[in-house]
Amino acid sequence: MTLKTLSPGPRPAGDVRSKRRTSLGRSGLKASGTNVRDRAERRLAVRMTAPSLILMALVAAVPIGYALWLSLNQYSVRTAGLSRFVGLDNYSSALASHEWWAAFGQTFLFAGLSVSLELVLGTAMALLLNLAFKGRALLRTVVLLPYAIVTVVSAITWETMFQPNLGLVTNVLSALGLPGGDVAWLGEQGYAMAVIVLADVWKTTPFAALLILAGLQVISAETYEAAELDGAGKWQTFVHITLPLLRPAIVLAAIFRTMDALRVFDLPFVLTRGANGTESMSMLAYSQLRENRLIGEGSALSILTFLTVMAVSIVYIRFAGGNIREVAKEDQ
Amino acid sequence: MSTVTATGTTAARADRSHPTRRGVASLGPGRRPGKFGPGKRRLRGEARLHPLVWVFVVAVMSFSLVPFYWLINTSLKTGSSLGEGELFPSQPTLDNYVSVFGSSEFLLAMRNSVIIAVVTTCVALIFASFAAYALARLKMRRKGLILTLILSVTTFPAIAIAAPMFSIWREIGLYDTLPGLIIPKLTFALPLAIYTLTSFFREIPRELEESAYIDGASPFQAFRKVILPLAVPGLATTAILVFISVWNEFLLAVTLTTSPAARPVPVAIAFFNGTSEFDQPLGTISAASVIITVPLVVLVLVCQKRIVSGMTAGAVKG
């Protein structure tokens, strides 16, 4: 507290310092008498965050806890309210089923394909948006448009593009005599996945591009000037300076996009209803729950989906993201 | 590599007096190249773009825009022309739009979507503005842990919330109602709002609170009278982002509704789609899609800067 009043200048950006200051304030609690406001501030902080935390516990933690309970029971499809405790049976039968592993593999295939395309395209787009040229503002607006679109609409848009006779892509392909012109894309294994990946890339590459662009813009111009003065070529500059400095932004985009891709639901739901090798983990849980009314099995599948996504995020944070920890550090 | 960076710092130090690249770039394309010497200090791509770069620009623009065009094109076709891939509809018709606006189901879905998105956004913003301020500015224990928890909720798969909510709501009668959708949607709207707002609050200069404190304000008064009015742009940005994400949300909406009474637009369109696998009313669906896309496009055109700053807020620090 004392530190705060003594230095009214702009607070240095270093967040380590703010952390140190906090601990200083805490240890000095007994010693100095100026800590009345310090304590008031802490109390206020608790009161301001409590409503949100309670609300989030109610809408996130309680349902997930209840899902755990549901997943340990079997519910009668015919008689409402009739149930029996079955322990982990729902999990063992899910993990032994072909459907779960198929959905698991398809979800990861989708996530792997779409996220890698989005990162490559997103980096290219970001580099483009970072160039100073006439029409850059227009390009940014245009690129941003698909991002704001309702996912269901982006699914429908790509459905119109790939319809056998009506579609632009199918027509162009057959006009050029290329394979795929006479294929019902959404009705064929493999092709259906390609459309879903494309629809996702179309809608979410702007997000990756803007995150990476923000990373590009904080690389100082002087760094580039120095590289240029040292005679580094454009490619050398890109590989040895731009990419390493962009790594945190790219990893962050990868994390956000992967977490999102692993819960994919809307696109396959609208485009294929999960047919032709496109059923995702979320879709499988949904169809057990809603269409087959298997509450116990559906809950077990949704918990499995949840655990899978969380496991991937932990792996990411462990191995790829020193920068996620930095983000967390900034928040202290 | 190491030599490059080592010399880089010295060169950078010697170069401080020069305008930065971005500063020069804002002078526009009228600046003569070569003014600062033989191309050494030329802007990245400022003078002349490689023709291949232009090809790439055009490709990116087409990739973004052509699907929209095709959606509109499809929405202007009916009957047999829906089976043809004409680049321009030979007999454009607004019939599809007329039938969409004539459908009470679609209008009801619009109403539901607006109510759900507005209420969820407002509730999330009210709760989040307090929490975000405390997390951004006040002294507090376990701040890092709390923020990590909040951030991790945004990565939860919605099915893990939807599945139990489906059972709970059917038991207590909230299934297939608007409140029954608004409450679970807060699960994702609230953390998004808190996270975005926290980074906006951090950007407000600290001196403002300091001087409020010196004037005798309590921390809460400083928040309410000084910070909150200044945070209006950040609040607006957050509201836009939360609104878009709630408007787009599909899984909770499709799991927790069963009739047009509570169905929001994305679900209504998806079920429009699903009547039969072989005879799809693709023209009408496209028209409905265009209709709900127009407001979002306008939003992007008007609030582009806000959306971009909100999307990247907190992600990468300068």
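H7(A) and H3(B) sit roughly perpendicular to each other (the word covers angles of 65 to 115 degrees). This is a predicted model, where local features need pLDDT of at least 70, side-chain atom pairs count only at pLDDT 80 or more, and totals for chains, interfaces and linings use all residues. Residues are numbered from 1 along each chain as its sequence is written, while chains are lettered from A and ligands numbered from 1 in the order in which they are written.

**The helix crossing**
- The axes of H7 (residues 151-162) of chain A and H3 (residues 51-75) of chain B come within 9 Å and cross at roughly 80°; axes here are lines fitted to C-alpha atoms over the stretch in contact, with angles running from 0 to 180 degrees between N-to-C directions.
- Helices are DSSP runs (H or I, at least four residues), numbered from the N terminus.
- From H7(A), Thr157(A), Trp158(A), Thr160(A) and Met161(A) meet Pro67(B), Trp70(B), Leu71(B) and Thr74(B) of H3(B); contact means C-beta atoms, placed from the backbone, within 7 Å.

**The whole contact**
- Chain B puts in 106 residues and chain A 99 residues.
- On the chain B side, helix H14 (residues 282-312) gives the most, with 16 residues.
- By class, that side of chain B has 70 nonpolar, 22 polar and 14 charged residues.

Terms used:
Two residues are in contact if their C-beta atoms, placed from the backbone, lie within 7 Å. Helices (H or I, at least four residues) and strands (E, at least two) are DSSP runs, numbered from the N terminus. Ala, Val, Leu, Ile, Met, Phe, Trp, Tyr, Cys and Pro count as nonpolar, Asp, Glu, Lys and Arg as charged, and the others, Gly among them, as polar. Angles under 35 degrees count as roughly parallel, over 145 as roughly antiparallel, 65 to 115 as roughly perpendicular and the rest as oblique.
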